[in-house]
Amino acid sequence: MVARATALRLCQSLICPASRRQSALCQVATCWQPVRRSSPGCMHVRTCANVALLRSEDSKPGFCAPDRTSAPSSDQEDAELLEALQSAIELLGDDANAEHPLVEARNRLASASRDKAALLKRNWTDEMFQGGNDANEERVAEIEAMMASTLGRVQGGLHDSENLGNALDLVGVYMKNYQLDKANAVLARSGPFVSERGGVWMVKWLNHISTVRMKQGRHLEALEMLYELEMYSPYNSQEAPEFFETLYRNLAWALKALGRIDEAAIYFARMATMSQTTKGHLDWFDCWDIGKLAATRAYQASDMEAFYRGRDLIEQALSMHVKAEPDDLVMRAKVHDSLAECFLVVKEYADAEKHYSAAYDLLQQTVGRQSPLFGKQARHAANLHIAQGQYEDALPFLGEALAVEASKDAVNVLELMELVDTLVNAQQRSSSEAVERVESNHQSLKQLQSNLKRRGLDSSREYAVLCHKASLLYLHEGRTNPDALRRARRLAKTSVRILRFQAGDKDAGDWLKMAELQLRMLDSARRSRAV
């Protein structure tokens, strides 16, 4: 109760009246059309859509703790009505032909009930996927096989509601496992069929694609989609408070990711109001969200008293989560990570290490070492060592982070530049013996180049700078690996070639000078070695 009361007070204190979002909206997907309000024939679907419609595959963004309380009563009403209609039809005897009003009503209701079940289906998405990388991939493959089997059994392709519902459920699976290319492909394929149906189907599709955009780091696109969703929702906050609780949470997350903290505070406050309406209290997830925002805002304002209150709320949210959802280890890791960051920024390194280590171990155990969640956690562990000047200890974690970042679907050149630069800096500050002890980064750098080339991201100035920095990584491996200098020279040549095409750009020109100097040094080293 103390944590919930604290969360409410913090949430109210976060609101900045001067902060208002701009009203300009744009269409953000080729198959997006304004959501149409449900027709009377779809009332059964609309009535229950708020139960689980906007829950996404995990907690950032779009998660809402499953609520199974309101759906069963509506399902029971549907079943009772169908049973009553069927009994009445049986009494008609030979008069019960396809054109009879009772038969038509029964068929329409049966179809609406089937559509509702398909729309709300998320049993695949709700799976934990905590068995490690191999087990998780195996389970994804099994679900894909089930999806294929249903497509073959049920006629109509994605025009059929069961197939379309399965497709959107499969998207949740892909998002949960960070297989974003596949998620994006299924959403693009299903978009026209969802658009034909409109209404709550479009709401669910739009929520899914906005979540994918968030995971891809395309926060502004996600925000515009969510604004559209807020404007064109087929229900209001009184009709579907749980829907709006999650919508407001997603909007707050998108705004926070864009650095628009004051606007995020407004939506977190609205989220808290809806949470109180739906659950009667704030749960661990609400306290976590509010605590993070309060700590972030207070730290930026140098209000350390408010910062510590926000951090305390995150700590209480962790305890609440362990009690409420003891089996959800991935979410526990995320809360540990948030708490660790709060200790790191005030240089309380022992507590930061405790929580970072807990998060690292949990994610290694559950999602595996190839997951972007684990890669991010490895990077955070490296940051902790770097903050303490422990560059040699940071090297293995930076290598783990690079291995994940280089191969992930949502690869980002600028983020890779920053990571490789950090790795080069750590190598330069470490002893030669320490650099030699860690595993070579060659496979990661090879995967990085292949991944970016496949996505057409290998011709920009940023990619040229990345190649220059990666060349420096190979230089540090040259003492023990005879192929390292050759690889370094190849990347340096790529960097020079791309930058020469952009000679009119001043920044490109500055980088070109450094890249050409690096290439001359490598050419000289190669000639010396040949002699």
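The charged end of Arg-270 sits over the ring of Tyr-267, 4.8 Å from the ring centre; a charge counts as over a ring if NZ of Lys or CZ of Arg is within 6 Å of the ring centre and within 35 degrees of the ring normal. Tyr-267 also belongs to a cluster that ring pairs build with Tyr-235, Phe-243, Phe-244 and Tyr-248. The model is predicted, with pLDDT of at least 70 needed for local features and 80 or more for side-chain atom pairs, while totals for chains, interfaces and linings use all residues. Residues are numbered from 1 along each chain as its sequence is written, and side-chain values use heavy atoms, leaving out hydrogens and water.

**Charge over ring**
- Arg-197 places its charged end over the ring of Trp-201, 5.1 Å from the ring centre.

**Aromatic pairs**
- The whole structure holds 12 aromatic pairs, where rings of Phe, Tyr and Trp (its six-membered ring) pair if their centres lie within 6.5 Å, with planes under 30 degrees apart called stacked, over 60 edge-to-face and the rest tilted.
- The Phe-244 and Tyr-248 rings have centres 5.7 Å apart and planes at 50°, so this pair is tilted.
- Both residues of that pair, Phe-244 and Tyr-248, lie in helix 10 (residues 241-257), four residues apart, or about one turn of the helix; helices are DSSP runs of H or I with at least four residues, numbered from the N terminus.
- Phe-244 and Tyr-248 are both buried, meaning under 20% relative accessible area, against over 50% for exposed and in between for partly exposed (1.4 Å probe, protein chains only).
- Trp-284 and Phe-285 form another tilted pair, 5.2 Å centre to centre with 55° between the planes, and both residues are buried.

**Cysteines**
- The structure contains zero disulfides, a disulfide being a pair of cysteine sulfur atoms within 2.5 Å.
- Cys-287 counts as buried because its relative accessibility is 0%.
- Cys-467 counts as buried at 3% relative accessibility.

**Helix packing**
- Helix 17 (residues 391-407) packs with helix 20 (residues 442-454) at about 20°, their axes 8 Å apart; axes are lines fitted to C-alpha atoms over the stretch in contact, and angles run from 0 to 180 degrees between N-to-C directions.
- Helices 17 and 20 are therefore roughly parallel, the class for angles under 35 degrees, with over 145 roughly antiparallel, 65 to 115 roughly perpendicular and the rest oblique.
- Helix 17 and helix 20 cross left-handed, that is, with the near helix turned anticlockwise from the far one by less than a right angle.
- Helix 17 and helix 18 (residues 413-428) cross at roughly 155°, with axes coming within 9 Å; the two are therefore roughly antiparallel, and their crossing is left-handed.
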